[in-house]
Amino acid sequence: MKSLKESSGAYLQALSKRSGQSRAYKSYQTIGLEVAEILEDFGHKSLYIKLAKEHGEDKILRIAKTVAEKKDVKNKGAYFMKVLQSSRE
C-alpha cells in the first residue's frame with residue numbers, strides 16, 4: 001500500500017497536467033478562445049466565448065481577424081468591441 005505522501009504527489013501531478021489542457025466542449029467555446037488568442041486578450045476570453053455564442057462564430061472570428069490585421073491598433077480588444085458594436089447597428 002502506498003503512503004499518503006506518495007499518492008498525494010501523484011494526484012497533484014495529475015492535476016497539474018490536467019490544468020494545462022483546454023476543456024472547450026462546444027464550438028463557440030473554441031472560437032471564443034481562438035478570438036482571445038488572435039486579439040492577444042486572454043483576460044477577456046469568457047467575454048469572447050459569450051459573444052461567439054450570441055452573435056455567431058463566423059461573424060466574431062471574421063471581425064477578430066480583420067482587427068488583428070490592422071497594425072496601427074494599440075488595444076485590439078477595445079477596437080474589436082467598437083467594430084462589433086458598429087456592425088450591430
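1. Glu40 is exposed, at a relative accessible area of 57% (exposed means over 50%, buried under 20% and partly exposed in between, with a 1.4 Å probe and protein chains only). Its place is in the loop between H2 and H3 (helices are DSSP runs of H or I with at least four residues, numbered from the N terminus). Do have a look at the backbone here: phi of Glu40 is near 55°, a positive value in a residue other than glycine.

2. A word on the basis of these notes. The model is predicted, so local features need pLDDT of at least 70 and side-chain atom pairs count only at pLDDT 80 or more, while totals for chains, interfaces and linings use all residues. Residues are numbered from 1 along each chain as its sequence is written, and side-chain values use heavy atoms, leaving out hydrogens and water.

3. Lys76 is found in helix H5, which covers residues 76-88. With 18% relative accessibility, Lys76 counts as buried. Leaving aside residues up to four places away in sequence, Lys76 touches Glu40 along with Ile38, Leu39, Val67 and Ala68 (contact means heavy atoms within 4.5 Å).

4. Val35 itself touches Tyr48, Ile60, Leu61, Ala64 and Phe80, not counting residues up to four places away in sequence.

5. How many aromatic pairs does a search of the whole structure find? The answer is one (rings of Phe, Tyr and Trp, the last by its six-membered ring, pair if their centres lie within 6.5 Å; planes under 30 degrees apart count as stacked, over 60 as edge-to-face and the rest as tilted). The ring centres of Tyr48 and Phe80 are 5.6 Å apart and the planes stand at 80°, so this pair is edge-to-face. Because Tyr48 lies in helix H3 and Phe80 in helix H5, the pair ties together parts 32 residues apart in sequence. Tyr48 is buried at 1% relative accessibility, and Phe80 is buried at 0%.

6. Tyr11 is exposed, with a relative accessible area of 52%.

Technical notes:
Helix = DSSP H or I, 4+ residues; strand = E, 2+ residues; numbered from the N terminus.
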